[in-house]
Amino acid sequence: MRVFLSLPIAFSIFATSLYSNGFSGWKKHILHESRGGMRTASVGDYTKDGIPDIITSSEGQTILFVGPKFKPLVIHEHSDHVFIHSAEFDVDGDGDLDFVGGRHRTPGIIVWFEQPENPLEDKWIARNVSSELIGIHSLITADIDRDGKLDLLATSALKTSTHPDQPSTDYPESLVWFSVPEDPHNAEKWEPHAFADKDAPGATHYIGVGDVNNDGRIDAAVGAKIGAFPNGNYFAWWEAPADPTRAWTKHLINQEHPGASHIYPADLNGDGQMDFAASRGHADGVFWFKGPDWELEPIHMDIRLPHALVIFDMEGDGDTDIATCAKGSLEVWWYENDGRGNFTNHFVATGQAAYDIRAADMDQDGDKDFVIGGDISRNLMWCENPAN
């Protein structure tokens, strides 16, 4: 029988406080604190009770926080499982949600955890997806091959490895997608397809997916930060061909963005053309590129290191809104879209950093809250929307 474990690092359940400046009205719930920081937070119904849960990674522990009280349950321990990114994904198609985690540093690994029949009692089995990539900095799902089933996309951002267990890779500075094997329970690995084959330099960060050119195929976009890595400072998108296992066509959006990190396609101004919401997570600024010419439209240009971005519909009005948590400014903001690409900036919280932000109704009161995996703030938290 699985039991709720006492963790070796400090945590508090629903440690609630109003922010010190007092004017946002949002409440902060600190669920967990970690010496090593917590860089990802996957939200979904991981216990089959219709209530959102959270899975994160902390110092080699994969931890399930069981809603609605978010009591922590360690579901796996492995020293290599320090996941920087994650995705919620029904891998085996059995109707319940599984967890996929990716480790950035070499050796790069992607692992999926099968949700067991009794998720609070039975063992969560970890199975390999890939150990062939270097520098995994994003995981996202989409139906790439149009077979009605989700596939997994990942970055392989680094050029070379210094780790003896992974001295080289066939996928340096690449973007890769995987289709789920016919029998994922017994597959040794998933077959990778490099859609940007050695064509994505500059330490690529987060992948966004959508039909950019309205041809019925899922395309992908990414930002590349540069830093110590050459040939970056750009946002680009890759056009999917009829056969997605072949190389995709690269289109540069803008080549003058030091610190480029996040980019997600969406029609932000309601004109039927795809746009891109974007941020420079290793520099400053949240903004959007207006299609089809990719003219930059500012949203919040002086926010520092917005290394987390999510697009969602806050009000249920059909418009795409945006939210960020900036690890430089240590602030959480959301940006309200009027449907025509005009954004109103709403302050949420201060004193918080992030590598990951998700928008979900955590308390099931009918509005969107934010779940944040802190980086330098070294915590897992959620911000409660004061609307209801």
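Student: Is W294 buried or exposed?
Tutor: In this predicted model, W294 counts as buried, at 15% relative accessibility, where buried means under 20% relative accessible area, exposed means over 50% and partly exposed is in between, with a 1.4 Å probe and protein chains only.

Student: And where does W294 sit?
Tutor: W294 is in the loop between β21 and β22; strands here are DSSP runs of E with at least two residues, numbered from the N terminus.

Student: What is the phi of W294?
Tutor: The phi of W294 is near 65°, which is a positive value in a residue other than glycine. Most residues other than glycine have a negative phi, and most peptide bonds are trans.

Student: Ok, what about R146, what phi does that one have?
Tutor: R146 has a phi near 55°, a positive value in a residue other than glycine, and R146 belongs to the loop between β11 (139-142) and β12 (151-156). With a relative accessible area of 42%, R146 is partly exposed.

Student: Switching topic, which residues does the cis peptide bond with an omega of about 5° join?
Tutor: That cis bond joins G291 and P292, and P292 lies in the loop between β21 (284-290) and β22 (295-304).

Student: Which residues are joined where omega is about 10°?
Tutor: There a cis peptide bond joins G67 and P68, with P68 in the loop between β5 (61-66) and β6 (71-77).

Student: How are the residues numbered?
Tutor: Residues are numbered from 1 along each chain as its sequence is written, and side-chain values use heavy atoms, leaving out hydrogens and water. Because the model is predicted, local features need pLDDT of at least 70 and side-chain atom pairs count only at pLDDT 80 or more, while totals for chains, interfaces and linings use all residues.

Key
Helices (H or I, at least four residues) and strands (E, at least two) are DSSP runs, numbered from the N terminus.
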